[in-house]
Amino acid sequence: MMNIVELVGVEKRYQNVRALAPLDLVLQEGEVLGLFGHNGAGKTTTIKLILGLIKASAGSVRVFGQDPTLSESRRERQQLGFLQENVSFYDQLTGLEVLRYFARLKDIKVSECHRLLDQVGLKAAAGRRVKTYSKGMRQRLGLAQALLGNPKLLLLDEPTVGLDPLATQDFYHRIAQLKEQGCTVVLCSHVLPGVEKYIDRAVVMGKGAVLAQGSLNDLRHQAELPLTLNVKGLGLNIPESLQSRATILEDGVSMHLSLQEKMPTMQYMLAQAGVTDIDLHLPSLEDLYTHYTRTCVGSELEDVL
Amino acid sequence: MTPIVTVAAKEFRDGLRNRWVLSIAIIFAVLATGLAYFGSAAAGQVGFTSLSTTIISLASLAVFIIPLIALMLAYDGIVGEDESGTLLLLLTYPLSRWQLLCGKMLGHGAIMAFSTLIGFGSAALIMGLFAPDISWSELVIPFSLFILSAVLLGWIFIAFAYVISVSVTEKSKAAGLALIVWFLFVLVFDLGLLGLLVGTQGDVDAELFPYLLLLNPTDIFRLVNITYFADQQLSGLMAIAEHVRLSTTTLLASLLVWLSVPVVLALALFNRRAL
């Protein structure tokens, strides 16, 4: 497999202010990466470096095996799709005209525009001015723009902002399809509800540095966040070691467990006759994100003190 | 199609759609015909005046209005795209910064040229058809010269607008700076020159003064049109150019120099603009 993106020891400084600590990141063909972090965490800087919009202060950036800031690699941009946060397209043009303009700039057949607008559900609104579009429709137009010419690398900043749940689902399906075709995708966000299933790897950033990276499972193990086990039933026995971490509810009990305790406890509880229902909550991406970013903010407070 | 043409074509179509082309053309046409017909009203006559009077008064009015229109047309060319986020997006496309900037300037330049041609051209047509004392043959050359120099003046100020647009990060700041540029070139420079003339009590080399006028494109524009009618008495500041008659070619060439300087400057500044 080919490395689509390769960042090695990449650093970015703006007049002695460090926007990005040395960062290593490798993306392979067909990989979907979630890039999470607060505003100012370094997400946008990372994206801009990959796009070749800014030069790294140190380290090397390789996209499709080339330095993206060089003018020779400008042709490679044809294989690249990008949608940033808060873009407002030319209000006085229609959706179709906007897309046609971008298609021409990318040297792509203008006929593809109709198909793409259809795909993102803007077929009926194609002839209307963008001025009349809702936020969700603008976002979908932006996605159609990013998907022009079947990109090999797709960088999306806050792609689901303003999309309704149905459109969000559609969007994730589309990402999954693109992944099948070998497209590498970077999804950039604060937190994306429901994105867990669709990403191979997550990178959590804070203050310009990577706080954690790996698959969601890796992150769960690293974070050692407790999972929650809810058991319904009457006259339940709780293992002695968990007594202090259990809350007795009206119709059952709720316990916080570590990953290692999960299986023994479940077996113990299931063996009891009074159990009527059982459910398990793994820490969600949001929990992990909160965990990692909180540690970051915490250390910042210590710095100040 | 090269990206430059794509960008320029979009810019031009925008100009047609948001009525810039139409408004500029109408303003110019009304201005020119109005001056031609009512130009001698002060002398108690109504009706078409002589061609030289018309062109000279047209030049001294256009010198205020063309720079203003050009600056208004183009001041948000880059900073506007930056504010709406499309600049960042466009630069991730397979086109370079200079191609984007050239395309935009070309588009706005075409809007300016097209509407100037239509506006003043239709005025010339009206004069040719209805003014009794003006023949086609004497009309064509001065009017062509006037339109050519007007287009060049418009382009120069479009280029100024782009210098402003690539160096600021807010649209409102660009608008303010555009106004200052207009004020400096159209009003302050001439006042300063007059002040210098009066302050030194004319004790400056008379040979030098006409060349000082070359430091301001709006003065060059007026000189181009006034010197064509060599028999006319030069008035006001233009009178100081009487000692050294600069040829029309020299004047047009200096307008071209004035055009290339801000274009090159805008390109250089845009290349260094941080995103």
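I take helices to be DSSP runs of H or I with at least four residues, numbered from the N terminus. I am working from a predicted model.

**Entry 1. A loop residue in chain B**

I looked up B:E207 first. Where does B:E207 sit? I find B:E207 in the loop between α8 (171-199) and α9 (209-213) of chain B. Next I checked its exposure. Buried would need under 20% relative accessible area, and exposed over 50%. B:E207 comes out at 46% relative accessibility, so I log B:E207 as partly exposed.

**Entry 2. Chain A overall**

I turned to chain A. I count eight helices and 13 strands in chain A. Its C-alpha trace spans about 70 × 50 × 40 Å along the principal axes. Chain A has 305 residues, and 49% of them count as buried. I then looked at contacts in chain A with a separation of 6 or more. Residues 24 or more positions apart account for 67% of these.

How is chain A divided into domains? The assignment gives domain 1 as 3-221 and domain 2 as 226-281. I noted 42 Å between the C-alpha centres of domain 1 and domain 2 of chain A.

**Entry 3. Helix α6 of chain A**

I went through helix α6 of chain A, residues 216-223. Which residues of this helix are buried? I list A:L216, A:L219, A:R220 and A:A223. The general rule is worth a note here. An α-helix has 3.6 residues a turn, so residues three or four places apart point the same way. Just after α6(A), I see A:E224 with a positive phi of about 50 degrees.

**Entry 4. Cavity search**

I searched the whole structure for cavities. How many of 30 Å³ or more turn up? The search finds one. The largest cavity holds about 70 Å³ of space. I wrote down its lining: A:I50, A:L51, A:V63, A:F64, A:P68, A:S73, A:E76, A:R77 and A:L80. By class, the lining of the largest cavity has six nonpolar residues, one polar and two charged.

I took the largest pocket next. Its volume is about 560 Å³. I count 23 lining residues. A:G52, A:L53, A:I54, B:R97 and B:N271 lie nearest the centre of the largest pocket. Which elements supply at least two lining residues each? I find β1 (3-14) of chain A, together with α6 (97-130) and α11 (248-272) of chain B. The lining of the largest pocket divides into ten nonpolar, five polar and eight charged residues.

The second largest pocket has a volume of about 480 Å³. I count 23 residues in the lining of the second largest pocket. Nearest its centre I find A:Q92, B:E11, B:D14, B:N18 and B:D76. In chain B, α1 (3-17), α4 (79-84) and α6 each supply at least two residues of this lining. By class, I log five nonpolar, nine polar and nine charged residues for the second largest pocket.

Terms used. Residues are numbered from 1 along each chain as its sequence is written. Chains are lettered from A and ligands numbered from 1 in the order in which they are written. This is a predicted model: local features need pLDDT of at least 70, side-chain atom pairs count only at pLDDT 80 or more; totals for chains, interfaces and linings use all residues. Side-chain values use heavy atoms; hydrogens and water are left out. Buried means under 20% relative accessible area, exposed over 50%, partly exposed in between (1.4 Å probe, protein chains only). On a 1 Å grid over the protein atoms alone, a cavity is a set of points where a 1.4 Å probe fits but cannot get out, and a pocket is an open set with protein on both sides within 12 Å along at least five of seven lines; lining residues have an atom within 4 Å of a point. Grid points are joined across faces, edges and corners, and a volume is the space filled by probe spheres set on the points. Ala, Val, Leu, Ile, Met, Phe, Trp, Tyr, Cys and Pro count as nonpolar, Asp, Glu, Lys and Arg as charged, and the others, Gly among them, as polar. Domain bounds come from an automatic or database domain assignment. Contact means heavy atoms within 4.5 Å.
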